[in-house]
Amino acid sequence: MIIVTGATGTLNGATVDHLLKRIPAQQIGVSVRDPSRATHLADQGVRVRQGSYDDPAALRHSFAEAEQVLLVSSSDLAADVVAQHRRAIDAAVDAGAQRILYTSAHGAGADTPYPPLGIHAATEQHLSESGAAWTSLRNGFYGEPIQLLGAWQETGVIAMPADGPFSWVDRRDAAEAAAAILTADEPHEGPIDLTLPEPVTLADFAASASEITGRRIERVVVDDETWLADALSSGVPEEVARFTLSMFQATRSGHFSGSDSTLTRLLGRSPRSITDQLKDLDIR
């Protein structure tokens, strides 16, 4: 039995879809906050149980009989996320899981200007002390390109703070890789970097966007304080704006400059490039 948390979300929902192509539905379970949103999985034979990172008893019930548990990192900005992760790990251990997997991030570490990397590092530390076998899926960045690039389609400009090399992976590839790891004959131990074969920069995004649209998309570097002031004046909450700025600061300090071939090997093909990902957008 493989139990997946966050299965009504985009990332782990796609992971469950890939698992269903690899193993019988009866070997898959999901732990979700709202089971009514997982009826499409129950209809396919997946075991659906309610679970929350804030409710250890419910987690233990939803993890029952699991050989492996895949934990998605919490997105609850109002919570003590590390404490949530620790409760989930402890519940998986209590339920008898032989291996715990966790969706971490490339560059996880304590010494970084980007707060999530410290959260991931603390979670990985708890995993290493849990007594269970563990695997940390250190995914490259993923998400909606507008979060990274701004309103470039309207302006013709990617106007963002200075950046450095990083991996921007397709969430579909990250999900497929997770399913491959969960069903592999040989276990993957410890942290695993899941990145593009080569890192990219916003200048690369501008070049790809120019190629796709047939018009020049310019990369403009905006001073940190100017960008922050502009974001606040446009209505972005200060906490969100500073969080985004910290990501750019971390890229230019080299926290995401490494690359690895593991994602390519797991997929059996090249990961979707940034050009591939931009082509999937409704580009004008």
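Contact here means heavy atoms within 4.5 Å, and helices are DSSP runs (H or I, at least four residues) numbered from the N terminus. This is a predicted model, in which local features need pLDDT of at least 70, side-chain atom pairs count only at pLDDT 80 or more, and totals for chains, interfaces and linings use all residues. Residues are numbered from 1 along each chain as its sequence is written, and side-chain values use heavy atoms, with hydrogens and water left out. Let's look at two helix pairs.

**H4 and H5**
- The axes (lines fitted to C-alpha atoms over the stretch in contact, with angles from 0 to 180 degrees between N-to-C directions) of helix H4 (residues 81-94) and helix H5 (residues 115-128) come within 10 Å and cross at roughly 25°.
- H4 is therefore roughly parallel to H5 (angles under 35 degrees).
- From H4, Val-81, Val-82, His-85, Arg-86, Ile-89 and Asp-90 meet Ile-119, Ala-122, Thr-123, His-126 and Leu-127 of H5.
- This contact of H4 with H5 has six nonpolar, three polar and two charged residues (Ala, Val, Leu, Ile, Met, Phe, Trp, Tyr, Cys and Pro count as nonpolar, Asp, Glu, Lys and Arg as charged, and the others, Gly among them, as polar).

**H10 and H11**
- Helix H10 (residues 224-233) packs against helix H11 (residues 238-252) at an angle of about 150°, and their axes are 9 Å apart.
- That angle makes H10 roughly antiparallel to H11 (over 145 degrees).
- Asp-224, Trp-227, Leu-228, Ala-231 and Leu-232 of H10 meet residues of H11 including Glu-238, Ala-241, Arg-242 and Leu-245.
- The contact of H10 with H11 divides into six nonpolar, two polar and four charged residues.

Conventions
Helix = DSSP H or I, 4+ residues; strand = E, 2+ residues; numbered from the N terminus. Parallel < 35°, antiparallel > 145°, perpendicular 65-115°, else oblique.
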